[in-house]
Amino acid sequence: MSKNQHVTPNGNGGWQVKAAGSSKATAHFDTQAQAIERATQISKNQGSELFIHGRNGQIRERNSYGNDPFPPKG
């Protein structure tokens, strides 16, 4: 089972990539763009979701690289 990836501020002015439910970050970066690039690679490889958080910690963007139904239901 693949874990969703989160890009979050790391508290030191940088950004981290962290798998859902993990206590430790997968990687640390100076910029959010670098963290997003790495998290996108991981999410595509695992077929998981990517959640991008803003500085305030709230989710500002979400991308799915999993098995989404197409066309969408509804």
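**View 1. Q5 and L50 face each other where β1 meets β4.** In this predicted model, Q5 stands opposite L50 of strand β4. The two strands involved, β1 (residues 5-9) and β4, run parallel and are joined by 3 bridges.

**View 2. β4 is covered on both of its faces.** Here we look at strand β4 by itself: 5 of its 5 residues are buried. In a regular strand, side chains alternate between the two faces of the sheet. On one side of β4 sit E49, F51 and H53, while L50 and I52 lie on the other, and all are buried.

**View 3. β4 and β5 form an antiparallel hairpin.** Now follow the chain onward from β4 to strand β5 (residues 59-64), which pairs with β4 in the antiparallel sense over 5 bridges. Within this pairing, I52 stands opposite E61 of β5. The hairpin has 5 residues between its strands, and G57 takes a positive phi near 90° there.

View 4. With R62, the side chain of E49 makes a polar contact of 2.9 Å. With S64, the side-chain polar contact is 3.4 Å. E49 has a relative accessible area of 16%, so this residue counts as buried, the cut-off being under 20%.

**View 5. A salt bridge links R62 to E49.** The side chains of R62 and E49 meet in a salt bridge, at 2.9 Å from N to O. Because R62 lies in strand β5 and E49 in strand β4, the pair ties together parts that are 13 residues apart in sequence.

**View 6. R60 and E61 form another salt bridge.** The count of salt bridges comes to 2, and this view shows the one in which the side chains of R60 and E61 meet, at 3.6 Å from N to O. R60 counts as partly exposed, with 47% relative accessibility.

Key: Residues numbered from 1 in each chain as written. Predicted model: local features only at pLDDT ≥ 70, side-chain atom pairs only at ≥ 80, totals over all residues. Heavy atoms only, no water. Buried < 20%, exposed > 50% of the residue type's maximum accessible area, 1.4 Å probe, protein only. Polar contact = N/O pair within 3.5 Å; in protein donor to acceptor, adjacent residues only side chain to side chain. Helix = DSSP H or I, 4+ residues; strand = E, 2+ residues; numbered from the N terminus. Pairing = 2+ DSSP bridges. Salt bridge = Lys/Arg side-chain N within 4 Å of Asp/Glu carboxyl O.
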